[in-house]
Amino acid sequence: MLTNDPFWYKDAIIYQVSIRSFFDSNGDGNGDIPGLTQKLDYISWLGANTIWLLPFYQSPLKDGGYDISDFRQVHPDFGTIDDFQIFLDEAHKRGIRVITELILNHTSDQHFWFQEARKDRNSPYRDYYVWSDTDARYSDARIIFTDTERSNWTWDHDAGQYFWHRFFSHQPDLNYDNPCVQQEMKDILAFWFDMGVDGMRLDAVPYLYEREGTNCENLPETHAFLKELRSFLDENWENRLFLAEANQWPDDVRPYFGDGDECHMAYHFPVMPRLYIALRKEQRRPIVDILCQTPDIPPSCQWCMFLRNHDELTLEMVSDDERDYLYNEYARDPRMRINIGIRRRLAPLLDNSRRRIELMNALLFSLPGTPIIYYGDEIGMGDNIYLGDRDAVRTPMQWSGDRNAGFSRCDPQALCQPIVRDPIYPYEAVNVETQERLPTSLLWWMKRAMAVRNEYPVFGRGSIRFLHPENESILAFLREDADSRILVIANMSRFAQATTVDLSEFAGLYPVDLFGRVAFPEITEYPYQFTFGPHNFFWFELRSVD
Ligand code: GLC
């Protein structure tokens, strides 16, 4: 059963799932909702208590389902609305909450509204979208999908006008200056919250409005609308959540929290690439700098942290030099690149190094915010950079060494995506069943790390304070609340390192390792000495021992 805590998202570990790629229950080659329901016990066993679902609505599936043609229908490949209700109830029974997608910014061009709009200038739906006789308006707005789109305007022959789109040209943007659009979106939100979903991810939220002379991002009108949406939420439902997808600098994301009256959570996009930079440079500085530049957020709000997701590892929130560095270090093969980012999974990005995978996850779980695990990364799945768009990282979950990696009983040729065949990441070994049998597997390590995190709410709710060891490869910070005080200390270097840290304020206490419960020597007023193997990290509780 679910706890009755409005701040549940602070204690969450989120598991991100693409239904299409997770588990196929009827053997048609597509993952489906009943399949996901069957795997709820696995997600719960792993230690996640929240699931974020990629879109599963009616859609031509030209953008992974972010191109919606009916917001209230489930795509028939994935099941029915009844299947979804069963899934939701089963998740809730296990104490698991569910976050779905609210795609506010655009629809598919196959949506009834757009079909009507393009046919007839006098249709009430015409004004649901943004039209123009020229393609010269809003020229300060950047293009997001740089590999596929040349302009944010596309000529529509039937309509006899250009329509505005921030993403693919088959995804027309909705017109938020039209109150009917605002009302439609509230009704859709109500439909899903009434069914019982616990949170909604507000997809592509910075782009709702357009204004000449601006870059059409983060406009005051957008924030005003989000505040209205939030009041609508608070008036009608309890313990629900908005998660903002705003790929922006910290100062521009901050307003999405408002004064605690806009979104409850937002992704911390800028910290993510800096974790990868810090790892490659073997320096703590990039992580410390970005977190020190991150403004405070209202007490009811929370950052969402991630290492990877269903999109490219986006490199928009870095400087030009940093971007070049990341491309060079993490995506030498041009096929690994797409738009302004890198289409690879966690394990391949980290050269399948177990130490690096553990270190990065340890940071994910211990830096302030709520962590998200992308399905398959808990077993170190590989990717397939030969697939189109971002499908490299959307291949079927690997459940066992059986045919189709246990994902589906279908003819292998009927699979929605091929199983990863890369010999470095063979599904015969990289799968849940095999790793469950092996106590030293990555899967078991992830499960243990998550269990520790779940045991110490300070990771989700506590403050952060950086320490400054003289060795620049060592990242050290304290997570503190009224109940506990955790020292996280990590070696970003691939070589053994030693350092001293001034812990004199804790003299008399002992660092107790949270994994093995082993107490280290007592802290005194003298500098405390730590030694590390390559990419080693520790989570120490600083406490007295009896
Ligand atoms: C979001 C999604 C991405 C999608 C885009 C357009 O950024 O994460 O997958 O392509 O919105 O809908």
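Me: In this predicted model, how far is an oxygen atom of the ligand from an N or O atom in the side chain of Asp203?
Reply: The model is predicted, with local features needing pLDDT of at least 70 and side-chain atom pairs pLDDT 80 or more, while totals for chains, interfaces and linings use all residues. Residues are numbered from 1 along each chain as its sequence is written, and side-chain values use heavy atoms, without hydrogens and water. Taking a polar contact as a pair of N or O atoms within 3.5 Å, the distance from the ligand oxygen to the side chain of Asp203 is 3.0 Å.

Me: Where does the ligand sit?
Reply: Two cavities of 30 Å³ or more are counted, a cavity being a set of points on a 1 Å grid where a 1.4 Å probe fits but cannot get out, lined by residues with an atom within 4 Å of a point. With more than half of its atoms within 2 Å of the grid points, the ligand sits in the largest cavity.

Me: Which element gives the most to the lining of the second largest cavity?
Reply: Among the residues lining this cavity are Leu307, Asn361, Ile372 and Tyr374. Both α13 (354–366) and β16 (370–374) supply at least two lining residues, but with three residues the most comes from β16.

Notes:
1 Å grid on protein atoms, 1.4 Å probe; cavity = no way out; pocket = protein on both sides within 12 Å on 5 of 7 lines; lining within 4 Å. Points joined across faces, edges and corners; volume = space filled by probe spheres on them. Helix = DSSP H or I, 4+ residues; strand = E, 2+ residues; numbered from the N terminus. Polar contact = N/O pair within 3.5 Å; in protein donor to acceptor, adjacent residues only side chain to side chain.
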